Amino acid sequence: MSAHRSGFVTFVGRPNVGKSTLTNALVGEKVAITSDKPQTTRRAIRGILNRPGGQLIIVDTPGIHKPRTLLGQRLNDLVEQVLGDVDAIGFLVPATEKVGPGDRRIAASLDGYPRAKKVAIVTKTDIASREEITERLMEVDSLREDWDAVIPLSAVAGEQLDVLADELLSLLPEGPALYEDGVVTDESLEDRIAEIIREAALEGVRDELPHSIAVTIEDIAERDTGSMTDIYANLVVERDSQKAIIIGHKGSRLAAVGARARAQIEPLVGTKVFLKLHVRVAKEWQRDPKQLGRLGF
């Protein structure tokens with residue numbers, strides 16, 4: 001009987017390489033929001049993968065990028081902090097794009113974390129040709145001498161996920177499980193609901209909006225009948241023009257956001273949901289330390 005292993009792993013890579021998608025695929029449940037907008041992850045969300053031989057705790061970080069605002073700087077600081085604490089780091093590169101300067105910079109920066117084991121992961125193999133995958137594996141392999149493994153996979157098609165999970169588990173230190181069986185994330189219900197609403201609000205908005213949206217939950221209350229939960233939430237934006245975009249013509253956009261979010265919140269809370277969304281403006285909150293603190297950053 002081999003020893004039980006447990007520990008922390010995080011995935012790094014340029015924004016939008018599929019870190020959150022991979023986290024959700026490994027955990028088997030949505031714990032990190034995914035969006036086609038880069039930079040949508042803002043917190044170190046932990047997804048937990050339980051296997052008979054061990055427990056893998058995935059810390060999902062924001063993509064590493066050149067910060068332009070105080071929020072951007074805080075996100076980068078969060079990444080730094082997480083990387084210093086994990087047992088293994090998975091470096092992600094999409095099979096469909098050549099390795100570029102951004103990838104090289106991130107791969108080189110892993111020198112700063114000598115304690116962590118390092119695995120290179122070539123993602124999105126379901127939409128790449130065999131030639132592209134081979135070329136990518138060779139490019140990635142040559143980025144560092146110390147990869148413990150180089151693994152091609154598709155999170156969307158579920159290919160090679162077991163191979164990655166087994167490899168990462170084998171690299172973790174021996175130790176007992178850190179979370180009880182059945183727990184998939186340590187995010188609070190409130191945080192998960194806020195993230196679901198934010199993801200619903202991000203869908204289809206133009207590029208100026210992604211970072212300007214924050215969500216705060218005012219109240220979550222189950223009605224006495226137990227068949228309905230009332231949720232009151234604020235969508236916080238930076239400018240009046242953004243408020244208009246979110247609300248849409250005669251409130252159509254906001255209604256769609258509510259419907260999308262509600263469909264995902266109901267299975268989470270286990271009842272029907274009455275969701276009341278209020279859009280408010282907090283001028284330039286991404287640059288204001290006080291506002292950032294208030295919004296949880």
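## Cores, ring pairs and helix packing

F91 is buried, and W147 is buried too. Keep in mind that this is a predicted model.

**Aromatic pairs**

- The count of aromatic pairs comes to 2.
- In one of them, the ring centres of F91 and W147 sit 5.6 Å apart with the planes at 15 degrees, so this pair is stacked. The cut-off for stacked is planes under 30 degrees apart.
- F91 belongs to strand β4, while W147 is in the loop between α4 (130-141) and β6, so the pair ties together parts that are 56 residues apart in sequence.
- Y232 and F274 also pair up: their ring centres are 6.2 Å apart and their planes are at 70 degrees, so this pair is edge-to-face. Edge-to-face needs planes over 60 degrees apart.
- Y232 comes from strand β8 (residues 228-237) and F274 from strand β9 (residues 272-281), so here the pair ties together parts that are 42 residues apart in sequence.

**Nonpolar cores**

- In soluble globular proteins, nonpolar side chains tend to be buried together.
- The largest nonpolar core here has 24 residues, and F11, L22 and L164 are the ones with the most contacts inside it.
- Which elements give two or more residues to this core? They are the strands β1 (5-12), β3 (54-60), β4 (88-94), β5 (117-123) and β6 (149-152), plus the helices α1 (19-27) and α5 (161-171).
- Helix α5 provides the largest share of this core, with 6 residues.
- There's also a second, separate core of 23 residues, and A200, L202, L235 and I246 are among its members.

**How α1 and α5 pack**

- The axes of α1 and α5 are 10 Å apart, and the two helices pack at an angle of about 85 degrees.
- That makes α1 and α5 roughly perpendicular to each other, because angles of 65 to 115 degrees count that way.
- On the α1 side, the contact is made by L22, A25 and L26; on the α5 side, by L161, L164 and A165.
- Two of these names have already come up: L22 and L164 are listed with F11 as having the most contacts inside the largest core.

**Helix α6**

- Helix α6 (residues 189-202) has 14 residues, which at 1.5 Å a residue should span 20 Å; its end C-alpha atoms are 20 Å apart, so the two agree.
- α6 is mostly covered, with 11 of its 14 residues buried.

- T123 sits in strand β5. T123 has 5% relative accessibility, so it counts as buried.
- What does T123 touch, leaving out residues up to four places away in sequence? Its contacts are V17, L92, V93, P94, A95 and L153.
- I48 is in strand β2 (residues 45-51). At 2% relative accessibility, I48 counts as buried because the cut-off is under 20%.
- The C-alpha atoms of I48 and G28 are separated by 9.4 Å, with the two residues 20 residues apart along the chain.

Notes: Residues numbered from 1 in each chain as written. Predicted model: local features only at pLDDT ≥ 70, side-chain atom pairs only at ≥ 80, totals over all residues. Heavy atoms only, no water. Core = buried A, V, L, I, M, F, W, Y, C linked by side-chain atoms within 4.5 Å. Buried < 20%, exposed > 50% of the residue type's maximum accessible area, 1.4 Å probe, protein only. Helix = DSSP H or I, 4+ residues; strand = E, 2+ residues; numbered from the N terminus. Phe/Tyr/Trp six-rings, centres within 6.5 Å; stacked < 30°, edge-to-face > 60°. Expected span 1.5 Å × (residues − 1). Axes fitted to C-alpha atoms, helices over the stretch in contact; angles between N-to-C directions. Parallel < 35°, antiparallel > 145°, perpendicular 65-115°, else oblique. Contact = heavy atoms within 4.5 Å.
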